[in-house]
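Biologist: Please take a close look at the aromatic rings. How many aromatic pairs does the rule count over all chains?

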Protein chains: 4
Amino acid sequence: MPTVLLTGFEPFDGEKVNPAWEAVAALAAERPAGVEIATAQLPCVFDGSIEALRAAIVEHRPELVVAVGQAGGRAVVTPELVAVNVRDARIPDNSGAQPVDVPVVDGGPAAYLSTLPVKACVAAIRAAGVPAALSHTAGTFVCNHIFYGLMHLLATEFPGVRGGFTHVPYLPEQVAALGLDRPSMALRTITDGLAALVGTALATTEDLAVTGGALH
Amino acid sequence: MPTVLLTGFEPFDGEKVNPAWEAVAALAAERPAGVEIATAQLPCVFDGSIEALRAAIVEHRPELVVAVGQAGGRAVVTPELVAVNVRDARIPDNSGAQPVDVPVVDGGPAAYLSTLPVKACVAAIRAAGVPAALSHTAGTFVCNHIFYGLMHLLATEFPGVRGGFTHVPYLPEQVAALGLDRPSMALRTITDGLAALVGTALATTEDLAVTGGALH
Amino acid sequence: MPTVLLTGFEPFDGEKVNPAWEAVAALAAERPAGVEIATAQLPCVFDGSIEALRAAIVEHRPELVVAVGQAGGRAVVTPELVAVNVRDARIPDNSGAQPVDVPVVDGGPAAYLSTLPVKACVAAIRAAGVPAALSHTAGTFVCNHIFYGLMHLLATEFPGVRGGFTHVPYLPEQVAALGLDRPSMALRTITDGLAALVGTALATTEDLAVTGGALH
Amino acid sequence: MPTVLLTGFEPFDGEKVNPAWEAVAALAAERPAGVEIATAQLPCVFDGSIEALRAAIVEHRPELVVAVGQAGGRAVVTPELVAVNVRDARIPDNSGAQPVDVPVVDGGPAAYLSTLPVKACVAAIRAAGVPAALSHTAGTFVCNHIFYGLMHLLATEFPGVRGGFTHVPYLPEQVAALGLDRPSMALRTITDGLAALVGTALATTEDLAVTGGALH
């Protein structure tokens, strides 16, 4: 049975919960058929989070790694295409660090592309009744940092392991507590979307030839 | 035990489901304590929908009437403040009618304000963990039509009965099927929000003195 | 030659300039043919602004009154359809007053509709190359207050005088100074739009029968 | 006197004008002091546009190249940080080609970062009174294609030449003709922004250490 490692972050930006971690934990607890789900909660910090991710990969030896992060304000589940070698923190991370225009990996390539079949994943998530769209930027905060770090680890230390990153929306209770008019998604919906993504990413190595492009 | 009449529309605009009716039916099926819930599904047409609403009021003799409608693209539950005496249809209704700048009620006042405690409702919905915000326009399609028609009926034929309207977002499966990057809300979340609205509207006749204002 | 009274507000919400007043002053300075433009700058306060507007109407005896206000964050010129009898201030006005759910006019109707040909105005503004759209809510701050106050004055004291309100976007320099990713519109563009609105509102008493409706 | 090559595209997506080319031509016609402006209008096609760009670089031997493209729907001028090695066309280009998930350059790196001082440029554009923001994705259409092609040319054939890409909003007349509620920017405003970008990019080789980061 293949092993998939799912990671989510601890809460950040003043939140008490992180929908990424909640969905990862919920999916693991459901023990989907045909796959062994391993999980790791990562600290929302620049220094140390990639090391924690590396330790989880070494421990679980997964065939596939999917890192998950909160994108507060986005309306749908958004598998990410591109990880860039940039740290540019608009707010401090959970340790107070706020790097500006520092590479994730000194001397690393400018970017990595996801090795998940991102368009097949978007199609599968939608087919499960969960709104999804391909994203072309994961930002420049800790989410992009861990996405880049993951792809760099896989490229340099774990050949043959595929991986990628997806953002997920706020939970309803987060938006309600903020008192804002912002999108959210129920944990059940996010978890269903994550299940569809994992199943498709495991089963599919050739992506769909359908456009997911953006004019700008 | 007080009776509350909840109405929702049939699907429109090419959809196969209407989250407003789904939430109304779900809440009624849950039989919340302390209240008798009566429901009516209204046709999404200009001609005849107010008559159907009137018949439901006559049949059920409610203390409170809450009409519910789908606002595809909105991110949160939005109790409406103002019903305007305008029909201006951007698309045809379910009978093919598309009135432009015709009053809902000839000779009626330009608008009615909701007699629900809309700010207390927004606060209660949020306290239930469901995103909500006050809205100052219900548009000019069948939703506004039924809202205006309701308030006119209550003002002219059913003194003492309070009422109002709330919009609710798309369900996740609607947005997934459309393949768009638009907000949605799970039926469970919408239903919880509607329950909070109904409970608060029943219990509260004096609204909260907190701002829900918009600069424009 | 007919006289049109144009009003704009002084700056508010921490701004140093108000695009509404700038456009009103610019259009007056251009002395468009076939019309006498009178102007009044109104204070951005609830108490006293309607009185200042009334004084300007008495002084200039216009055939038409168009009040103009800033809608920071809107992308296009938006003639308003509905003025509601509600003051609900999200921020204090320029005198520090912040009324919540107080009527503009005690005992006044719930709303007035613009007596401008709003759809013909939208069409004419667009034909002049300026983005425009009909709006169904002017908010609940001082802009709506003066719009409602204007329509009440015209209905009760100045029969035969037509009037309405339009919102206009931020100027580019306002958004640049705020450092935000928000829409703006150049003063030249706003002024061209206002000229088209005034010319059409003067020439047209029967509105276009085209939809400008909103589903919600 | 240093030479700067500015490029803009021909119209695409059914438009009759391209604000990018209009601004490039307008700035060149103004002959700003201290710089020689060369221009090239590029075809909005995947096949051939990079060759046309290369020919213009060979002809003009610029110190700096700034490619400019239309981002219809964006509200502000957005210098781009990242060019990705992906062609994924949501609509056909002007020759009818619609590649899906094809690299811009076979075997090229996954991405290039702009060698413009993008944050200093954003700050300078804003200081000129023009709204601006850093963007982390140029999409996957012809704009990203030419941006990637430019950076690849500079990296492989023209060492020492710096370059990058900026998107600009629709012109007001485009949005007016579309009849939409979308942001736009006057040609005068865009041109002022482009002038500030060019001046700053010429004078600055060390970027500002200020955050321009995005959480996601």
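Modeller: A residue is called buried under 20% relative accessible area, exposed over 50% and partly exposed in between (1.4 Å probe, protein chains only). F141(C), at 1% relative accessibility, is therefore buried. This is a predicted model, in which local features need pLDDT of at least 70 and side-chain atom pairs pLDDT 80 or more, while totals for chains, interfaces and linings use all residues. Residues are numbered from 1 along each chain as its sequence is written, chains are lettered from A and ligands numbered from 1 in the order written, and side-chain values use heavy atoms, without hydrogens or water.

The count over all chains is 16 aromatic pairs (rings of Phe, Tyr and Trp, the last by its six-membered ring, with centres within 6.5 Å; planes under 30 degrees apart are stacked, over 60 edge-to-face, the rest tilted). One of them joins Y112(B) and Y148(B): the centres are 5.1 Å apart and the planes stand at 55°, so this pair is tilted. Y112(B) lies in strand β8 (residues 111-113) and Y148(B), 36 residues away, in helix α4 (residues 142-156) of chain B (DSSP runs numbered from the N terminus: helices H or I, at least four residues; strands E, at least two). Y112(B) is buried at 14% relative accessible area, as is Y148(B) at 0%.

In chain C, F46(C) and F141(C) pair edge-to-face, 5.7 Å between centres and 90° between planes. They are 95 residues apart: F46(C) sits in the loop between β2 (36-42) and α2 (49-60), F141(C) in the loop between α3 (118-127) and α4 (142-156). F46(C) is buried at 3%. In chain A, ring pairs link F12(A), F46(A) and F141(A) into a cluster.
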